[in-house]
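Welcome! Here is a short briefing to read alongside the sequence and the 3D view.

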Amino acid sequence: MSTTSGVSNTDIYSALGLTAPNSDTTKKKDTLDQADFMRLMTEQLQHQDPLKPMDNTQMVAQMAQLSQVQGITDLNTTVKGFQEAMAGDQVLRGAALVGHEVLVPSTQWQLESEGDTTGMVAAPGAGYVNVDVTDANGVKVAQISVEAKAAGEVTFDWDGKDASGNRLDPGKYTLTATHTDTSGTQTKLSTYVEAPVESVTVGSDGLYLNLKGLGTAPLDYVLRVS
């Protein structure tokens with residue numbers, strides 16, 4: 001900005017009681033509201049041709065437009081209030097899950113220094129479900145085999161030990177589940193694991209649960225709470 005004797009142009013305008021060009025106060029509205037619509041309609045009535053006045057059809061059409069504009073404004077206000085209420089409800093729902101175990105889709109689970117870990121798959125039918133457990137280096141450290149008596153949910157547990165019965169180090173381990181039916185046909189399955197909820201985060205697109213050892217997961221990923 002150019003100056004004159006150390007005084008900026010903005011200061012000169014202010015001293016004269018004027019508003020500097022391109023200032024924020026000169027910005028115009030980008031949209032028309034209901035009051036602007038009424039003013040335009042009033043001006044139209046005042047400046048109409050007396051010999052060719054606006055007919056009733058035009059008047060009714062413009063009044064209908066005014067009602068439509070008002071209806072949309074009211075609807076937007078209602079929807080905004082509904083969204084705010086839903087956001088508040090989601091926060092309360094998420095906060096109520098803190099400290100609980102939730103079942104979410106995941107190919108990893110967190111092994112603690114003690115205790116078992118629990119997972120679940122949806123078997124397509126009778127047979128056997130084999131779950132391979134690999135460490136961070138991709139080395140297979142354990143295999144869990146569970147019978148599926150019919151189609152549906154099949155749960156499995158891991159005591160955190162390898163094939164020799166040694167307790168493994170705490171950390172993240174990867175799961176790979178395969179279903180083998182009575183004819184020997186194998187099918188890869190999605191795995192679900194249980195993890196404790198440590199906290200919740202409100203995002204622009206919804207609520208997220210911060211799960212111990214697994215990171216974040218959207219609230220709608222939760223299949224079961226225990």
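**A first look**

The chain exposes about 15,000 Å², of which carbon and sulfur atoms supply 52%; this accessible area comes from the Shrake-Rupley method with a 1.4 Å probe, and for residues only the protein chains shown count as cover. This is a predicted model, in which local features need pLDDT of at least 70 and side-chain atom pairs count only at pLDDT 80 or more, while totals for chains, interfaces and linings use all residues. Residues are numbered from 1 along each chain as its sequence is written, and side-chain values use heavy atoms, with hydrogens and water left out.

**Overall make-up**

- The chain has three helices and 14 strands, which are DSSP runs numbered from the N terminus (helices: H or I, at least four residues; strands: E, at least two).
- Among contacts (heavy atoms within 4.5 Å) between residues at least 6 apart in sequence, 59% join residues at least 24 apart.

**The nonpolar cores**

- The largest nonpolar core has 21 residues, and Trp109, Val133, Ile144, Phe156, Trp158 and Tyr173 have the most contacts inside it; such a core is a set of buried Ala, Val, Leu, Ile, Met, Phe, Trp, Tyr and Cys residues joined through side-chain atoms within 4.5 Å.
- At least two residues of this core come from each of strand 4 (108–111), strand 5 (117–123), strand 6 (127–134), strand 7 (140–148), strand 8 (152–158) and strand 9 (171–181).
- Strand 7 gives the most to this core, with five residues.
- Leaving aside neighbours within four places in sequence, Phe156 is in contact with residues including Trp109, Met120, Ile144 and Leu175.
- A second, separate core of 11 residues includes Val102, Leu207, Leu209 and Val222.

**Around Ser190**

- Ser190 sits in the loop between strand 10 (186–189) and strand 11.
- Not counting residues up to four places away in sequence, Ser190 touches Met120 and Val121.
- The C-alpha atoms of Ser190 and Ala177 are separated by 6.9 Å, and these residues are 13 residues apart along the chain.

Notes. Buried < 20%, exposed > 50% of the residue type's maximum accessible area, 1.4 Å probe, protein only.
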